[in-house]
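Please look over the sequence and the model shown here before reading the notes.

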Amino acid sequence: MFVRLTRPASATLRRGLATSSQNNAKVAVLGASGGIGQPLSLLLKNSPLISRLNLYDIAHTPGVAADLSHIETRAEVKGFLGPEQLPESLKGSEVVVIPAGVPRKPGMTRDDLFNTNATIVANLAAACAKHCPEAMICVIANPVNSTIPITSEIFKKHGVYNPNRIFGVTTLDIVRANTFVAELKGLDPARVNVPVIGGHAGKTIIPLISQCTPKVEFPQDQLVPLIGRIQEAGTEVVKAKAGAGSATLSMAYAGARFVFSVLDAMNGKEGVIECSFVRSEETECTYFSTPLLLGKNGIEKNLGIGKITPFEEKMVAEAVTELKGSIKKGEEFAKSMK
């Protein structure tokens, strides 16, 4: 039997506004000056779950930190600039969020970002492995299907690998699925929860509409375009921004939602569940996104795929080949690094 503990999505950012005796988390954002990094840092600054917010980037972080530091919430904000200040930005961090990297432009796939972002993520992962090896590492930088294997391999090289603490943030796929299903059914999107499994690119994004709460059904001629829209929603934003960027605001929201869930679980809250792209034995892929029960030490239990429809089974089968290729590409890149 597959049991899912759910909560209204609207509670996600409000959870960041809850109070608790353990709300003293130290969080670092690597890539804090970018299109995702700035709004993400704003949302994190707004949360009393966080007592220290370290912002790192290769440009503009002193200004971003100064700006955010004027907000009347308790998190102390400090900016760190350039590689020489990276170690200091990580010391004592319990959660590290990595939105660093270049965004997609029209006509680009997430995979096209590989060469640039792979190097950035590998270098940042190495710094994390050296200076905060016990931290929860939340990677937003695309292509997530490759950057998570890269991060894992770098941590292995440093002898500090813990698969329960390295997460590929795929939350935006869930947020989009919730929104689009709610639009079609006239529901409050804050009360819709669609698990999204697989990976975080194109057909590897597998929304499990059959496991949606509340229960919804779509005829095939509605279901196929709905799935397609969820899978290509990032491209929808890239096209709409016409060269001015990719999904930054919605990704910042999704990233903050994931971080607050991690912090809630670290604070001892029970029943915290999020989907994330992690080391996995649920399929023949060595990394796969499924619903995870989070705890004080990261992943407490992988809740697996659960019961799915033949249509969803077919999507999983079609995603596996592409996922395996992306995973292998990331692993080989990390292993080739000096």
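Predicted model: local features only at pLDDT ≥ 70, side-chain atom pairs only at ≥ 80, totals over all residues.

Residues are numbered from 1 along each chain as its sequence is written, and side-chain values use heavy atoms, with hydrogens and water left out. Helices (H or I, at least four residues) and strands (E, at least two) are DSSP runs, numbered from the N terminus.

**Annotated domain and site**

- An unreviewed UniProt entry annotates residues 170–333 as "domain: Lactate/malate dehydrogenase C-terminal"; UniProt positions are given in the numbering used here, feature names are shortened, and annotations may be inferred rather than shown by experiment.
- Residues 170–333 are 47% helix and 16% strand, and the end C-alpha atoms of this stretch lie 22 Å apart.
- UniProt, again in an unreviewed entry, lists His 200 under "active site".
- His 200 sits in the loop between β7 (196–198) and β8 (205–207).
- Is His 200 buried or exposed? His 200 counts as buried because its relative accessible area is 2%, where buried means under 20% relative accessible area, exposed over 50% and partly exposed in between (1.4 Å probe, protein chains only).
- Not counting residues up to four places away in sequence, His 200 touches Arg 110, Asn 142, Val 144, Asn 145, Thr 170, Asp 173 and Ile 205; contact means heavy atoms within 4.5 Å.

**Two helix pairs**

- Two packed helices are described by the angle between their axes and the distance between the axes.
- Axes are lines fitted to C-alpha atoms, for helices over the stretch in contact, and angles run from 0 to 180 degrees between N-to-C directions.
- Helix α7 (residues 171–185) and helix α8 (residues 220–231) have axes that come within 9 Å and cross at roughly 145 degrees.
- The α7 and α8 crossing is right-handed; a crossing is left-handed if the near helix is turned anticlockwise from the far one by less than a right angle, and right-handed if clockwise.
- On the α7 side the contact is made by Asp 173, Ala 177, Phe 180, Val 181, Glu 183 and Leu 184, and on the α8 side by Gln 222, Leu 226, Arg 229 and Ile 230.
- The residues of this contact of α7 with α8 are six nonpolar, one polar and three charged; Ala, Val, Leu, Ile, Met, Phe, Trp, Tyr, Cys and Pro count as nonpolar, Asp, Glu, Lys and Arg as charged, and the others, Gly among them, as polar.
- Helix α5 (residues 114–131) packs with helix α6 (residues 144–157) at an angle of about 35 degrees, and their axes are 9 Å apart.
- The crossing of α5 and α6 is right-handed.
- In the contact of α5 with α6, 11 residues are nonpolar, three are polar and none is charged.

**Buried residues in helices**

- Ile 154 belongs to helix α6 and is buried, with a relative accessible area of 5%.
- Leaving aside neighbours within four places in sequence, Ile 154 is in contact with Ala 122, Ala 125, Ala 126, Ala 334 and Met 337.
- Ser 89 lies in helix α4 (residues 86–90) and counts as buried at 1% relative accessibility.
- With neighbours within four places in sequence left aside, Ser 89 is in contact with Ala 28, Leu 30, Asn 54, Tyr 56 and Phe 80.

**Backbone details**

- A cis peptide bond joins Asn 142 and Pro 143, with omega about -5 degrees; Pro 143 is in the loop between β5 (136–139) and α6.
- Another cis peptide bond joins Thr 213 and Pro 214, with omega about -5 degrees; Pro 214 is in the loop between β8 and α8.
- His 60 is a residue other than glycine with a positive phi, near 70 degrees, and it is exposed, with a relative accessible area of 60%.
- Ala 242 is not a glycine but has a positive phi of about 45 degrees, and it is exposed, with a relative accessible area of 62%.
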